[in-house]
Amino acid sequence: CGRYATSAEPSQQVFRITPNDIEAVQGDEVVLRCEIEHLAGRVQWTKDGFALGFSNEIVGYPRFSLNQNHSDGVYNLRITNTSYDDAALYQCQVGPAKHNHPIRAQAKLTVVATPKEFHGKYNRN
């Protein structure tokens, strides 16, 4: 039939851990987790569709950092001192590579007022 049989097909890159939706209080630190098995492609995060890049330090986002360990497939996005501007849809994207399709996983970050702000805003005596 003309098809060459190999002894083992290469393993596809797959998520081991995908990010979860998070509700954070303003000022909290959050970590959006992303871990990949059989990593072959390059990994980056997006915020509402805007690519944040591939390096640990994210230009223009000083409170954001990528905690990565390539050999373990760990690419966690850390955001310190969260603010309302950080509320968005985040996506961990793993690019294509030889014998591997791109994969993506997303999570929503919601940022809420601190209890003090909440009471100050809504408790008008």
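Predicted model: local features only at pLDDT ≥ 70, side-chain atom pairs only at ≥ 80, totals over all residues.

Residues are numbered from 1 along each chain as its sequence is written, and side-chain values use heavy atoms, with hydrogens and water left out.

The chain holds 1 helix and 10 strands, taken as DSSP runs numbered from the N terminus, with at least four residues of H or I for a helix and at least two of E for a strand. Of its 125 residues, 34% are buried, meaning under 20% relative accessible area with a 1.4 Å probe, protein chains only.

Five strands form an open sheet in the order E2-E10-E9-E5-E6, with mixed pairing, where two strands pair if DSSP finds at least two bridges between them. Strands E2 (22–25) and E6 (50–51) are at the edges with a single partner strand each, so one side of each has no neighbour in the sheet. E5 (residues 43–47) runs antiparallel to E6, joined by 2 bridges, and Lys 47 stands opposite Phe 50 in E6.

Which residues does the disulfide join? Cys 34 is joined to Cys 92, S to S 2.0 Å, the criterion being cysteine sulfur atoms within 2.5 Å. Cys 34 lies in the loop between strands E3 (30–32) and E4 (35–37), while Cys 92 is in strand E9 (residues 88–94), 58 residues apart. Both Cys 34 and Cys 92 are buried.

Conventions. Buried < 20%, exposed > 50% of the residue type's maximum accessible area, 1.4 Å probe, protein only.
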